[in-house]
Each structure stands twice: as structure tokens, then as C-alpha cells.
Amino acid sequence: MESNAVYIYSHRSADELLDLDDNTGIAVQVTESDGEKIWAGSTPLALRARHKVRGSYTIEAGRRCACFWNDERELVFLTPDGERFVLFQIGADGRVQARMPGTGVDLAPAIDSDGKQIAGFSRSILADGSGRSFFEIVYESMSYLTLFGLNSMLAFVPTRSCPTGISSSRSSARSTNSAPSRAPPSPCQRRILSLRRWPRGGHR
């Protein structure tokens, strides 16, 4: 079988690179001699289809989950058991197409055997529109929330032209009661928009 390998990085640290074979699910660590050092976390996953590092992984309770773009420009979610879910695909026209329509990720509090919530932990469930679950994992969500907060502070740096993150056209529209401007977003607004998550919804 022809090799279909991609680089993926540790979602938590964005420093450790793995070379993942999409056909087998086998991943090997990339050494210094395997290529250039890349700050993989600088580009959102949704925009990484043409990049050298095309995905990321996380390890929760010793189980590795990965999400990546392959050579067929498919966005694949790989479970710890090696099951592949093709969520999205970029067509010949450049449009992103849903491959598992109606499928989405639901987040719920993690519950222990006594029915009590586990503080700082959540349950992530990949399910179809009828509620049928394909995969679920319990993970330490508080640590990700902390990292997201730190990343948000670093990603948005106010400037003199936009000290609060609100464009001047938006504030002037409020004061004159005119229609909001259709001008392109300011650099500050673009930085805020870049923090949005991948849209909820399915694709196989």
C-alpha cells in the first residue's frame, strides 16, 4: 500500500512532531535530521491542508487522538483504536465539503460512578444527528481552558489604532445611527476571529 504520511504535533505544546502514516495509524517521532523546525501551532488546523504540518494530536489517559489533513485533502479524525472518521474534504473547486452530514461534537460534564461531576474534566462525544455515539473520551478540560486563556492574551495585542478591539467604523456607526460599515475587518478583529473554533457539524 502506498504511503500516506503527514506531520502532526502535540496539541498541548506544539513542539513535538510525529510522522503519522494515514494508512496504518503508525506514528514515529520526527528527529532534528528529518527536516526544518516548525512552530506548528502558529496556524489553525482548518487552514493547514497545504502546510507541512497538517494536524495535531493529544494524549488523554494514555490514549492518543489525532486530527489531520491527508494527501487527499480530507480532514481525518483518528481514534486511539485506529478508527478513522473522514470529517471534511476540500473539493477540486476549493470548497470544504461535509463528509459526515449531521455529525457533530458534543461536550458534557464528566460523571463518576456515583453520578457526581468530576471537577475539571469533560466528556467529548462524536455523534450523529440522531444521537448515536461514534466515539467519546473523558479529558481534563480545565487544563485546555487555561491554555486557551493564555493563548488568547498572547494572540490579541491591542494597538494604538484599535486599543479595545473595536474598529473605529463600528463606534462611529453607533454615534451617527448609520448602517454598520462593510469595510474589511481591522487587524485586531482578524486576530479575534482567528481564535474561533472549527465550526460544529459533521463530515465523513
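# Briefing on a predicted β-strand and helix chain

Arg132 and Asp128 form a salt bridge (a side-chain nitrogen of Lys or Arg within 4 Å of a carboxyl oxygen of Asp or Glu), with their closest N and O atoms 3.0 Å apart. The structure is a predicted model, in which local features need pLDDT of at least 70 and side-chain atom pairs count only at pLDDT 80 or more, while totals for chains, interfaces and linings use all residues. Residues are numbered from 1 along each chain as its sequence is written, and side-chain values use heavy atoms, with hydrogens and water left out.

**Overall make-up**

- The chain contains three helices and 11 strands; these are DSSP runs numbered from the N terminus, with helices being H or I of at least four residues and strands being E of at least two.
- Read from the N terminus, the order of elements is β-β-β-β-β-β-β-β-β-β-β-α-α-α.
- Of the 204 residues in the chain, 34% are buried; buried means under 20% relative accessible area, exposed means over 50%, and partly exposed lies in between (1.4 Å probe, protein chains only).
- Among the contacts in the chain with a separation of 6 or more, 40% are between residues 24 or more positions apart, where a contact means heavy atoms within 4.5 Å.
- The chain exposes about 13100 Å², of which carbon and sulfur atoms supply 54%; accessible areas come from the Shrake-Rupley method with a 1.4 Å probe, and for residues only the protein chains shown count as cover.

- Strands of a sheet pair through backbone hydrogen bonds, either parallel or antiparallel.
- Three strands form an open sheet in the order 9-10-11, and their pairing is antiparallel; two strands pair if DSSP finds at least two bridges between them.
- Strand 9 (104–111) and strand 11 (133–139) stand at the edges with a single partner strand each, so one side of each has no neighbour in the sheet.
- On average, neighbouring strands of this sheet are turned by 25° against each other, direction ignored; the axes are lines fitted to C-alpha atoms, for helices over the stretch in contact, and angles run from 0 to 180 degrees between N-to-C directions.
- Strand 9 and strand 10 run antiparallel and are joined by seven bridges.
- Gly104 has Ala127 of strand 10 opposite.
- Ser124 belongs to strand 10 (residues 117–127) and is buried, at a relative accessible area of 17%.
- Leaving aside residues up to four places away in sequence, Ser124 touches Val105, Asp106, Leu107, Phe135, Glu136, Ile137 and Tyr139.

**Salt bridges**

- Side chains of opposite charge can pair when their charged atoms come close.
- The structure holds seven salt bridges, including the pair of Arg132 and Asp128.
- Asp128 counts as buried, at 16% relative accessibility.
- A salt bridge also links Arg99 and Glu74, whose closest N and O atoms are 3.2 Å apart.
- This pair connects distant parts of the chain, 25 residues apart: Arg99 is in the loop between strand 8 (96–98) and strand 9, and Glu74 is in strand 6.
- Arg99 is partly exposed, with a relative accessible area of 32%, whereas Glu74 is buried at 12%.
- Arg95 and Asp93 meet in a salt bridge through their side chains (3.8 Å, N to O), and both residues are exposed.

**Cysteines**

- A disulfide is a covalent bond between the sulfur atoms of two cysteines.
- Zero disulfides are found in a search of the whole structure, a disulfide being a pair of cysteine sulfur atoms within 2.5 Å.
- Cys65 is in no disulfide, and its nearest cysteine sulfur, that of Cys67, is 9.9 Å away.
- Cys65 counts as buried at 7% relative accessibility.
- Cys67 is likewise in no disulfide, and Cys67 is buried, with a relative accessible area of 16%.

**Positive phi values**

- Most residues other than glycine have a negative phi, and most peptide bonds are trans.
- Ala61 is not a glycine, yet its phi is positive, at about 50°.
- Ala61 is located in the loop between strand 4 (53–60) and strand 5 (63–69), and is exposed, with a relative accessible area of 77%.
- Arg73, also a residue other than glycine, has a positive phi near 60°.
- Arg73 is located in the loop between strand 5 and strand 6 (74–78), and is partly exposed, with a relative accessible area of 25%.
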